[in-house]
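Some notes for a colleague who is about to work from these coordinates. Please read them with the model open.

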Amino acid sequence: MTLLDLMPFMMLAPLIGSGFVAVLPGRATPWAVTMLVCLSSAIIAAAVLAETLGGATMSYPFGNWPPPIGIEYRVDAANAFVAFLVAAMAAVTLLWAPKSVAVEIQGRHGTFYALFLLVVAGLLGITLTGDAFNVFVFLEISSLASYALIAYGQDRRALLAAFRYLIMGTVGATFFLIGIAFLYMVTGTLNMADLAERLPAMSDNNAVRAALAFIVVGMGLKLALLPLHLWLPNAYAYAPNFVTVFLAGTATKVALYVMLRFAFTVFGPDYSFVVLPLSTVLMVLALAGMFAGSWVAMFQIHLKRMLAYSSVAQVGYMVLGVSLATLTGLTAAFLHLFNHALIKTALFMAVGCVIYRTGSARLDDLRGLGRQMPWTLTAFALAGLSIIGVPTTVGFISKWYLVLASIEAGAWWLVVFLVITSLMALYYIWRVIEAAWFSPRPNGAAEMREAPLALLIPTWFVVSLNFYFGLDTRLTVGAARAAAGALLGDGGSAP
Amino acid sequence: MTLLGFFNYWVVVTLMMIGFYCVIARGNMIKKVMGLNLFQTSVFILFVSAGKVVGGSTPILRDGVEVYSNPLPHVIVLTAIVVGVAITAVGLALAVRIQEAYGTIEDDHLGDDLDDDEQG
């Protein structure tokens, strides 16, 4: 069995596994099987990433139907990078899961983990496939499962958040479907590589313009790009902690990947960014997102909501890199896609530890907690340094490449915006540190113990990854550059 | 001719706007889900319209028929319908749970609860 034969199992393992996990009794067994499935996915993803980093493209035809007719999985460095991120984050966050899920979800956990596996399978399917309609199907698989996961939240507001996410997510996915319908009408094909070949001849067609617009808006909704971000804060705030931890690191990233794949590979950068003003639109929205997201985050008193709004701002950073439409800009976008997953996962894990002990995510209840839960809040502070962008953390590496890309594109004024939003991040992280370490514990507040090791070890593992990849950037920068190169169509051999 | 020739597409646009309006303007969650259904159905019609070949017969292989309609859009729509049913099911299930938790499914009565951090 070659790696090519194994590649589809990256997605198939969680998809098939979810059926088994759903009927497993108890709590430990479903978790163990889920872990096994996610680990195998992550291992395949790592092997595929290693294979494609050199510029190779893997193509797997389903049912042996040759590509333009059958569905193919087409993987280059860009897919492999995102798929590896999803599979690896699934395995890492699962380490953190059992303790946290045990207090939040009553009864057996089989169905919960089955839904989780469906989300993983959906996200991996979106990244791997080379067929435009297949993207829609997997998008809905992952979205439907995540609506259900969010509704598992203990607070009854989780239901409202899930319902709103369902409405907005479905509208977004349907917009995407309309875009595909237009593309199919003018070209008669759904295969992405085929579309890329046939579209340049039709660049004057209004239906093609409409298709790009529908696809960008549809994915903008899933991505939580500024005016379309309304579903995100509530969904992240009221979902079970484990769900927040996982979705924050992966779901929006995959939507960004789809947008990039269509803008760069299918339509081509000359069309998306030269014929149509996508660059300006994305840059304005990205900057607005960075500011509005950080601004609102500064005044939140609910920690998970604060981090969720910060996610809206961080999505802005990624889209800003994209809007420059250069190799360095795209590298910065991919780099931040990976790094932000590490940062946000660590932050949400630390907040999850706090909620595990105190049962509250309010800033007021955090006062004086630093001395009682030092390990948890130190982890939060260190991950906070990363989101601010202090050197030696991954956050710094992302911002450094964004600065490089801005200067290279002659838009040095963007650097000013980057510095200002970083200062805003400093403020909202500082508020938490101030409350936890420099405020006295209110009278009569219960004595809290440190979070259990089962939660602390995975949290510190992700925090240490934040510093490891902040110092040794060979793997992340190399992979991000190869991914950007693959999208720009030069096989990753760019300078 | 041209106006009527695009009849399908007029239907698509009209249905789409009615559905979208329902989703945005209606406070009742069941009506929101119904609007969502209309919105999706319009896209199905868009796909099916794209598959029609003028003078083509049903895409079944038999003697004496040379021109077929394109069957692929129908297959796509079948898949999309399944997706739509699943979304409706999840949406309605959530509406039932919301009714149990809040005693109402009118968005107007619930909106403040979601943005209120005091209980968080």
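The points below take up confidence, record annotations, the core and a few helices in turn.

1. Confidence. The model is predicted. Chain A has a mean pLDDT of 89, with 99% of its residues at 70 or more. The stretch to treat with care is residues 491-495 of chain A, where the pLDDT is below 50. In the model this stretch has nine contacts beyond near neighbours in sequence. Where pLDDT is low, the predicted coordinates should not be read in detail.

2. An unreviewed UniProt entry places "domain: NADH:quinone oxidoreductase/Mrp antiporter transmembrane" over residues 131-424 of chain A. In the model, residues 131-424 of chain A are 79% helix and 0% strand, and the end C-alpha atoms of this span lie 41 Å apart.

3. The unreviewed UniProt entry marks residues 6-24, 36-55 and 75-96 of chain B as "transmembrane region". Residues 36-55 of chain B are 80% helix and 0% strand, with 33 Å between the end C-alpha atoms. Residues 75-96 of chain B are 100% helix and 0% strand, and their end C-alpha atoms are 32 Å apart.

4. The core. The largest nonpolar core has 232 residues, and the members that touch the most others are F136(A), F262(A), F267(A) and F334(A). Helix α15 of chain A, residues 327-358, gives the most to this core, with 20 residues. F136(A) has contacts in both chains: A173(A), F176(A), L177(A) and I180(A) on one hand, A80(B) and V83(B) on the other, leaving aside neighbours within four places in sequence.

5. Helix α2 of chain B. This helix runs over residues 7-25, and its 19 residues reach 27 Å from first C-alpha to last, close to the 27 Å expected at 1.5 Å a residue. Its buried residues are V12(B), M16(B), G19(B), C22(B) and V23(B). They lie on the same side of α2(B), because they cover an arc of only 130° around the axis. Exposed Y21(B) and I24(B) sit on the face turned away from that buried side. The cover over the buried residues of α2(B) includes α7 (157-187) of chain A and α3 (29-51) of chain B.

6. G35(B). Which residues of chain B does G35(B) meet beyond its neighbours within four places in sequence? It is in contact with G19(B), C22(B) and V23(B), which are among the buried residues of α2(B). G35(B) is in helix α3 of chain B and counts as buried, because its relative accessibility is 0%. Its C-alpha is separated by 8.7 Å from that of I24(B), eleven residues away along the chain.

7. A42(A). Is A42(A) buried or exposed? It counts as buried, because its relative accessibility is 11% and the cut-off is under 20%. A42(A) lies in helix α3 of chain A, residues 28-52. Not counting residues up to four places away in sequence, A42(A) touches F84(A), A87(A) and A88(A). V120(A) is 78 residues from A42(A) in sequence, and the two are 11 Å apart in space, C-alpha to C-alpha.

8. Helix α20 of chain A. The 15 residues of α20(A), residues 474-488, should span 21 Å at 1.5 Å a residue, and the 21 Å between the end C-alpha atoms agrees. Buried residues in α20(A) include T476(A), V477(A), A479(A), A480(A), G485(A) and L487(A). The buried residues of this helix pack against α4 (77-104), α11 (241-266), α15, α17 (394-408) and α19 (453-471) of chain A. After α20(A) comes G489(A), with a positive phi near 80°.

Terms used. Residues are numbered from 1 along each chain as its sequence is written. Chains are lettered from A and ligands numbered from 1 in the order in which they are written. This is a predicted model: local features need pLDDT of at least 70, side-chain atom pairs count only at pLDDT 80 or more; totals for chains, interfaces and linings use all residues. Side-chain values use heavy atoms; hydrogens and water are left out. A nonpolar core is a set of buried Ala, Val, Leu, Ile, Met, Phe, Trp, Tyr and Cys residues joined through side-chain atoms within 4.5 Å. Buried means under 20% relative accessible area, exposed over 50%, partly exposed in between (1.4 Å probe, protein chains only). Helices (H or I, at least four residues) and strands (E, at least two) are DSSP runs, numbered from the N terminus. Contact means heavy atoms within 4.5 Å. The expected span of a helix is 1.5 Å times one less than its number of residues. The arc is that of the directions from the helix axis to the C-beta atoms. UniProt positions are given in the numbering used here, feature names are shortened, and annotations may be inferred rather than shown by experiment. pLDDT is the predictor's confidence in each residue, from 0 to 100.
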